[in-house]
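Let's take a friendly walk through a protein model together. Have the sequence and the 3D view ready.

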Amino acid sequence: MAFIQHGDAGREERFGFVIYNEQTMRIVLCIEIDDGRYRHTSPEIPNDGERALAQRQQRLRCKNSIVRDMGGQVIEGNARTAMAGGGSGMFSFAMLRLATNGTTAAETELIATAIGHDKPHARPFATIDELIDLQMAHGTESGPTLAPSFDTGAHALPERGSIAALAREGASAFVKASPQSEARYLQKVLDDWASTGVFPKMRSHQANKLLQEGGLIERRADGWHVTPRGAKLGIIERVVEYDGVESTRCLYPATCEKAVRNFLLRALED
């Protein structure tokens, strides 16, 4: 997270990722990752209803307005059509919104080249690298800057050259994710099973009840936790934050999906 400011009033706003000019602190590109909580409610999160969803969506629209007030361009997704829809004017910086629902791809030159899109103008998606180069061509002398109070050293990502070197030395970390990094929330797993015909349609709260009755997970005041028996199957848990409130959720790596599915199928037969 990084804070940027604009104008004499010192107006500040928080963004997920910020790329800036190190000498002038001038913002070049902001990136926001919009996960499913901005599109729908989650039955796995306590008290997450339509009102909470509306509040999240309102904050999203508010941030878009702030970016435009600062002279920035809001780009919804990295499809080239989204860029074209933003107009051809000169912007002080850009904010790129990337959804986690499969509507974006080839977000960086490294990924685009790896999947065979080595001709930039022929790609259906624009990379972050392209957006940086485009914004730098507009100039970086004026516009929003990082807030002076922001500790760049404590929050900075590795230099681009360091990331590229890591990719060359250990490509598996970028191309082949670890089982835990591929872990998914239960509803996504259930939806995939249903779409392939290996499991009947089911909502996560129904499956959670069966898994709890079987001793694999348990519900506590702060959310869902994995039991020792569930951990043996490979189920993991993660603390997430929604609207400033932390809760615990269970995730299901690919390595444990078959065992969990077989368990649920047996439970349904009983």
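The paragraphs below look at one helix, then at charges and rings, then at cysteines.

This is a predicted model, so local features need pLDDT of at least 70 and side-chain atom pairs count only at pLDDT 80 or more, while totals for chains, interfaces and linings use all residues. Residues are numbered from 1 along each chain as its sequence is written, and side-chain values use heavy atoms, leaving out hydrogens and water.

Start with helix α8, residues 186-196. Helices (H or I, at least four residues) and strands (E, at least two) are DSSP runs, numbered from the N terminus. In α8, the buried residues are Leu186, Gln187, Val189, Leu190 and Trp193. These residues lie on the same side of α8 because they cover an arc of only 160° around the axis, taken from the directions from the helix axis to the C-beta atoms. Buried means under 20% relative accessible area, exposed over 50%, and partly exposed in between (1.4 Å probe, protein chains only). Exposed Ser195 and Thr196 sit on the face of α8 turned away from its buried side.

What covers the buried residues of α8? Among the elements doing so are β8 (184-185), α9 (204-213), β12 (245-252) and α11 (254-269); contact means heavy atoms within 4.5 Å. Just after α8, Gly197 takes a positive phi of about 80°.

Now look at Trp193 again: the charged end of Arg261 sits over its ring, 5.4 Å from the centre. Likewise, Arg249 lies over the face of Tyr185, at 3.8 Å from the ring centre. A charge sits over a ring if NZ of Lys or CZ of Arg is within 6 Å of the ring centre and within 35 degrees of the ring normal.

Finally, the cysteines: Cys30 is buried because its relative accessibility is 0%, and Cys256 counts as buried at 0% too. With a disulfide defined as a pair of cysteine sulfur atoms within 2.5 Å, the count comes to zero.
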